[in-house]
Amino acid sequence: MNRLLFCCLVLFCFTAGALEIAPDWKNAKTSVDAKGTIIVSVGKAQFCRVSAKSGNVSDVTVNTSGGVLEVDTREYYRNFPDGKLIMHLSGIPTREIKTGQEAAAAVSMSSTPSGGIAAFELAGSYSVMAAPNGKRHFWNKPVDFILGEESKSYSITKYIPDGVESLYVLFYLNTPSVYKFEKYTFSYPPPQAGKEIDPAQNLIINGGAERGLYQTIRSEMEILGNSFDGKYHGKFGVLSRTSKVTPDRSQARSGHYSFRIDSFEASLFDRLTFSPVPFIVGKPLSFSLWLKGEKPLKAELWLTIGSGTRYGKLIKIDTEWRKYTLTIPRFGEKPKEGYMTGSPAIYSPDFNTAYPVLLVMGEGTVWADDARCQMAIETSDDGEA
């Protein structure tokens, strides 16, 4: 197929900086491949695929004769009420992928009857060299939309980390409805003007125990709650004791107090969590604190969002006061030092706070003081009065 004919069948139009993908649906054809996936093609190019996590996708009816893409899921959900249908729209042209910034996808769609629920996300893959922890799949948390009978544009905005080399839109058709799709656009909106956060501002409240244990979270037995036998029974096993955190006036690095952590075993519970701090995907964030131990001990610094998603760095605590720092040059991407689990970028703008955490690994006593978190590559050395 020559290039001119293809562009007539699948219209890639640039309007006000946006890439508009509007297929000529009347010329579209449907087929089913060997895996049972429904393929919608325009000319020789695949525009979308419809597949089922369970059940028979042959119960789904796809029609393009009316000049729009209609996907009728009613018979499918009648036969498989717990099923799940996924529609994969054609990928964004590689030359249009820009990383290190937010991208917006908008889809014009409707449902009959009104109330059909569709969730969609931007997904894709990293290059082999840039894949975080060797995982090449890039995904975002799907956003649910309740559709009406009149066509309307629904949009999502997500950050695209460096190293992403392919992008496409995934739909989850979650209810028995007749879904209608017309076109979708892809663009890079300009940054929204908002309140700037001073890079010199310490985002942690009470980083040096000058206000006691205010705005801290401790995994202590009194907080976890005791079971019938005086022990804690949970997903991490059975614990008879956990770390104890107290303000200590005798070992302050600055001001009058420091946090004293008495750790009894290498447990995920032996940690001190500070007040949540904001983050901006693509911007730097650094967490530092001063530490000393009664003996050398291993520990980790975390910036955790939840559900196993966090940044971390293994450190070795000395017997003298030293500053330890976890630096994220661009939040949402792999750090130069330390590690990353999960995909932090998917939580923006749904969640925009992270918890700074000190995790002590092993038995012993550690003192922590002057914890700071700043939207900067480095934190200042100011102590707390």
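This is a predicted model: local features need pLDDT of at least 70, side-chain atom pairs count only at pLDDT 80 or more; totals for chains, interfaces and linings use all residues.
User: Where does T304 sit, and in which strand?

Analyst: T304 belongs to strand β24, which covers residues 297–306. A polar atom of the T304 side chain lies 3.5 Å from the backbone oxygen of T309. Leaving out residues up to four places away in sequence, T304 touches T309, R310, A354, Y355 and V357.

User: Now for the sheets. How do strands pair?

Analyst: Here is the general idea: strands of a sheet pair through backbone hydrogen bonds, either parallel or antiparallel. For a case in this model, look at an open sheet of five strands, in the order β19-β20-β29-β23-β26, with antiparallel pairing. Its edges are β19 (244–248) and β26 (322–328); each has a single partner strand, so one side of each is left without a neighbour in the sheet. From one strand to the next, the twist averages 30°.

User: How many bridges join β23 and β29?

Analyst: Seven bridges, with strand β23 (residues 285–293) and strand β29 (residues 364–374) running antiparallel. To find the pairing on screen, look for W290, which stands opposite D369 in β29.

User: Which strands pair with β15?

Analyst: Among them are β2, β7 and β9. Strand β2 (residues 18–23) pairs with β15 (residues 178–187) in the antiparallel sense over three bridges, and there E20 stands opposite T185. Strand β7 (residues 69–72) is also antiparallel to β15, over four bridges; here E70 has K180 as its bridge partner. Strand β9 (residues 101–112) runs antiparallel to β15 and is joined to it by nine bridges, with A105 partnered by F186.

User: And what should I look for when reading a nonpolar core?

Analyst: As a general idea, nonpolar side chains tend to be buried together in soluble globular proteins. In this model, the largest nonpolar core has 47 residues, and M87, F120, F171 and F181 have the most contacts inside it. Strand β14 (residues 164–173) gives the most to this core, with five residues. Another core, of 38 residues, lies apart from it and includes I204, I305, L326 and F331.

User: Which residues is F181 in contact with?

Analyst: Setting aside neighbours within four places in sequence, F181 is in contact with W25, V68, L69, V71, M87, V107, S108, M109, F171 and L173.

Technical notes. Residues are numbered from 1 along each chain as its sequence is written. Side-chain values use heavy atoms; hydrogens and water are left out. Two strands pair if DSSP finds at least two bridges between them. Helices (H or I, at least four residues) and strands (E, at least two) are DSSP runs, numbered from the N terminus. A polar contact is a pair of N or O atoms within 3.5 Å; within protein, one must be able to donate a hydrogen and the other to accept it, and residues adjacent in sequence count only if both atoms are side-chain atoms. Contact means heavy atoms within 4.5 Å. Axes are lines fitted to C-alpha atoms, for helices over the stretch in contact, and angles run from 0 to 180 degrees between N-to-C directions. A nonpolar core is a set of buried Ala, Val, Leu, Ile, Met, Phe, Trp, Tyr and Cys residues joined through side-chain atoms within 4.5 Å. Buried means under 20% relative accessible area, exposed over 50%, partly exposed in between (1.4 Å probe, protein chains only).
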